[in-house]
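Take a look at the structure below. This report goes through its domains, its ligand and some of its helix pairs.

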Amino acid sequence: MRIPVFIPQSKAVEVVEAVLRIFKEQTELRENRTRARLKYLFMRHGWTAETMLEAIEAKLGTKLDPSPVEEDVVPDDVYRDHIGVTPQRQAALSAVGASVLRGRLTGEQLIQLADLAEEFGDGHLRATIMQNILIANIPNSRTREVVERLNQIGLRVEVSPFWRGAIACTGTEFCKLAIAETKAFSKWLVSEMEDRLPTFDQQIRLHVTGCTNSCGQSWIADIGLEGKKIKKDGAMVDAFYFCVGGAVGKYAAIARQIGFRAAAEDCPEAIERLLRAYLAARTPGEDLRAYFARTSDETLRAQLAGTAVAPVERDAPPLGGRHVVDA
Ligand code: SF4
């Protein structure tokens, strides 16, 4: 969802405060902890981008400047994850971003990062929404050294599309709302995908989230996996419901509920089938987002399953109990 206005830097804090106040005043959201998310205003209470803009402007007491029409400004395929060397506005400086697989850093790596930021930059580190880390203000002549040093401490700059695009929420390890484990799973999933499709040539957002609250942002992923439990061979196991086709840019969309779920151990095989189907069917130059946008849910589900299957329902958000279904 895009709210088509510009926010001048001088008003940024005021606008953030307005949004927070709108959230705070929603008693419906505050009555149920599992629904304490702004998204429920849109999903269940009929809010739209226009409603939100009206509410923000009412709080501000002024109108914001409209932004250009979306089609005029949005490129085909957008991927901004800050990985690699990015020239800064300051002519002599660059930022170097490293990919932190599923957002896990050790204490030792944090100390080494701080040392690198002091040695090569101005002591600042920045964390990104893709769970990556950025060292800014590095003289252009020293960026190669920084890349090598980052690689040496296990924070890789040159990585596979699966490594680069994987993020995971906290999951069962530390989150009491979680239904599925996410951090170890996503690490294993990335290594499986690298083995299965070593030459895959597309950027891909592979987001793993441990329950329907979607802190892992399954809704904006090319492939979003939402944690659940199913019974497989008589045992209850971690599983994931698939959302496919979330994108920004020309094919901007919320990921579609594709009606497919799989036990965690079966996910790599399902994703391999889906991506091989894309590689086989793509037209010259067609990226993954364009392919997902033009392909029906039924076809994508069949590609994931390996055969045509009936859709399964996505679980409702947890309301105090955990939802378990048969495989
Ligand atoms: S999505 Fe669920 S499991 Fe993951 S951090 Fe959020 S509440 Fe916890």
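Domain bounds come from an automatic or database domain assignment. For this protein chain, the assignment gives three stretches: domain 1 (5-73), domain 2 (84-159) and domain 3 (162-326). Keep in mind that this is a predicted model.

## Domains

How far apart do the C-alpha centres of domain 1 and domain 3 lie? The distance is 29 Å.

## Around the ligand

The ligand is surrounded by 13 residues. The closest are Cys-169, Cys-175, Ala-178, Gly-210 and Cys-215.

Which classes make up this shell? Six residues are nonpolar and seven are polar. No charged residues are in the shell.

## Helices α1 and α4

Two packed helices are described by the angle between their axes and the distance between the axes. Start with helix α1 (residues 12-24) and helix α4 (residues 49-60). Their axes come within 9 Å and cross at roughly 115°. Angles of 65 to 115 degrees count as roughly perpendicular, so α1 and α4 are roughly perpendicular to each other. The crossing of α1 past α4 is right-handed.

Which residues make the contact? From α1 come Glu-14, Val-15, Ala-18, Val-19, Arg-21 and Ile-22. From α4 come Ala-55, Ile-56, Lys-59 and Leu-60. By class, the α1 and α4 contact has seven nonpolar residues, three charged ones and no polar ones.

## Helices α9 and α10

Next come helix α9 (residues 183-196) and helix α10 (residues 267-281). They pack at an angle of about 40°. Their axes are 10 Å apart. The two helices are therefore oblique to each other. The crossing of α9 and α10 is right-handed.

On the α9 side, the contact uses Leu-189, Glu-192, Met-193 and Arg-196. These meet Cys-267, Pro-268, Ile-271 and Glu-272 in α10. Five residues of this contact are nonpolar and three are charged, with no polar ones.

## Helices α10 and α12

Helix α10 also packs with helix α12 (residues 297-305). What is the angle between α10 and α12? The angle is about 125°, and the axes are 6 Å apart. So α10 and α12 are oblique to each other.

Here α10 brings Ala-270, Arg-273, Leu-274 and Ala-277. In α12, the partners are Leu-300, Gln-303, Leu-304 and Ala-305. The contact of α10 with α12 counts six nonpolar residues, one polar and one charged.

Key:
Residues are numbered from 1 along each chain as its sequence is written. This is a predicted model: local features need pLDDT of at least 70, side-chain atom pairs count only at pLDDT 80 or more; totals for chains, interfaces and linings use all residues. A residue is near a molecule or strand if its C-beta atom, placed from the backbone, lies within 6 Å of it. Ala, Val, Leu, Ile, Met, Phe, Trp, Tyr, Cys and Pro count as nonpolar, Asp, Glu, Lys and Arg as charged, and the others, Gly among them, as polar. Axes are lines fitted to C-alpha atoms, for helices over the stretch in contact, and angles run from 0 to 180 degrees between N-to-C directions. Helices (H or I, at least four residues) and strands (E, at least two) are DSSP runs, numbered from the N terminus. Angles under 35 degrees count as roughly parallel, over 145 as roughly antiparallel, 65 to 115 as roughly perpendicular and the rest as oblique. A crossing is left-handed if the near helix is turned anticlockwise from the far one by less than a right angle, and right-handed if clockwise. Two residues are in contact if their C-beta atoms, placed from the backbone, lie within 7 Å.
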